[in-house]
Amino acid sequence: MSDFQAFDFRTKFGGRYFPAPIFTASGCAGSGKELSQFFDLNELGAVVTKSISVKPRSGRPTPRMAETPSGMLNSIGLQGPGIDQFLETDIPWLQNKGARVIVSISGETVEEYASLARKLRGIPSLHGVEVNISCPNVENRGLVFACDPVASRAVIEAVRRNISGDYPIIAKLSPDVTDIVSIAREVVAAGADGLALINTVLGMVIDVDAKRPKLAGITGGLSGPAIRPIAVRVIYQVHKALPQVPILGMGGVTSGRDALEMIFAGASGVSIGTATFGNPSAVMKVKTELLQGLRDRGFSSLMDAVGVAHG
Amino acid sequence: MNINPKAVQDSVEVLSNKKVGSYNHMVFAVGDMATHAKPGNFVAISVGGASSALILRRAFAIYRSSNRGAYGGTIELVVAAHGTGSRWLSERSVHERVDMVGPLGTAFGIPTEPVNALLVGGGYGSAPLFGLAEVLKARGCRVDMVLGASTAAKIYAPLEGKRSVNIMTLTTEDGSTGVKGRVTDVMAQIIERNNVEIIYSCGPMAMLAAVDQVAQKANVIHQCAVEESMACGIGVCMTCVIPMRDAAGVIKMQRSCIEGPVVDGSSVVWGSERKIPEGTWGAPL
């Protein structure tokens, strides 16, 4: 274990360093308590929380889930207690455990994002905010800010204006757009310090016996290894266009090899989501395997490996 | 306090796999995982092997568990091979290993005093009721059981399971064994005749809803093990929610893997599939 210390596994988003480049993916780690039974949350770069809204949300009706080949559709619909209860209960518990925390926020209007950002301003020792502008599980497709450069920009500007200066802002984008690079440029120009790539891909399953959509919400977000090549492509395209902007890569990462793909494509960190559903200790497996994979390929620091696939 | 503080993840060996009627009875050597397993708890198993396209864990109700024996702790499951994941599990041979997480979820509440209990199971949903019957019998309870299914082959009622049961009544929809009809057709009479004070049930949601109606009408406490499709079993995926009233009476979408599977039947808002009940906390306006 001693030569592990010789490897610089740190990563950086905005002005913050994280001791490891492995994160949970938003909405895939419960409140943190559920996973802490299986590993020490402090081992993560940070816990990325579920996307939290201004008010409580029941989420969508069931069925909310359909397994697909090497993937799954979900239509949770951002179920959560609302920001006030979340800040009262979830955040103190995580901080008490010594976990670094990136809070993910989701609003229905620009003003809601601003209001969420103001609430976070008063919380000491957060490690960042993920601005989820790309959840596909909303009633109106027009509400997916990340499908529109102007709307994306407006949200990130509102968060930037309202949050304390030293929280890294990470904008989470949707792959369901014609030109992801133009959206990325807008949110970076608006003040995003980093990009979370990618959110789930909008999909659908028909129950052929019931002859209707399997999910009560009709459509859902596709995640898991099935979307990994899409994620790698998006990370590669965005890193090529904006090589100075750190990317938190996600989408079907299950092993250290998968994480290496994202790092080499240009990600500075990797989030594990759906893999946790199949294996509660998936994040620790990916962490161990990624470190080994980087060492095996002669790297002595994570940052040296970021984007090497670009030559 | 952590959630599921007794749960562990382990690679466990298949000790036995036998076909029983339409189902497979499987025994796993689980070591310490058995120590904390209670009737009503479940385990979550990774299926399909390392290169499988099946990426989600499968939940199985524990049939029985034991701390002692030649192989140390064991957990037994009754597997209905009706999907690709459960079929894969049912095809495992003795000495193969599977990745298991458990014990998970809530357990059936056991009365402190001897009471008259009625256990109602549908299909292989009867499995966890036999372990429960043993515990109740050991507490001096009278234990009656009603098991129903569409047809005789789908009733799971092993001989050794019947030892703890006073009177077993079977119902089948096609009349191939027992009373022709459904479990709810015979419940009221048993409740009255045996002065039933608590009902435990396990089976499909539609059956649990019907059992709850009978229980409420008879004013008897009803604990049921609910099911809703699950991706993880450990409370992180948020897919297995059902609308339930909390202690303050507020309807919330609650996880059947954490707040359940065993819940108070009267707390469930039945018949809510594909909709959020009116008045649910955080429901869309």
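Domain bounds, as used here, come from an automatic or database domain assignment. The model is predicted, so local features need pLDDT of at least 70 and side-chain atom pairs count only at pLDDT 80 or more, while totals for chains, interfaces and linings use all residues. Residues are numbered from 1 along each chain as its sequence is written, and chains are lettered from A and ligands numbered from 1 in the order in which they are written.

**Domains of chain B**

| Domain of chain B | Residues |
|---|---|
| domain 1 | 8–104 |
| domain 2 | 116–225 |
| domain 3 | 230–285 |

The centres of domain 2 and domain 3 of chain B, taken over C-alpha atoms, are separated by 24 Å. Nine residues of domain 2 of chain B are in contact with eight residues of domain 3 of chain B (C-beta atoms, placed from the backbone, lie within 7 Å). On the domain 2 side, helix H4 (205–218) and strand S12 of chain B each give two or more residues; helices (H or I, at least four residues) and strands (E, at least two) are DSSP runs, numbered from the N terminus. H4(B) gives the most, with five residues.

**Helix H2 of chain B**

Helix H2 (residues 127–138) of chain B has buried residues, among them Phe130(B) and Leu136(B); buried means that 20 or more other C-beta atoms, placed from the backbone, lie within 10 Å of the residue's own. The buried residues of H2(B) pack against strands of chain B, including S4 (58–66) and S8 (142–149). Just after H2(B), Gly140(B) has a positive phi of about 85°.

**Chains A and B**

Between the chains, 37 residues of chain A are in contact with 33 residues of chain B.

Technical notes. Contact = placed C-beta atoms within 7 Å. Buried ≥ 20, exposed ≤ 12 C-beta atoms within 10 Å, placed from the backbone.
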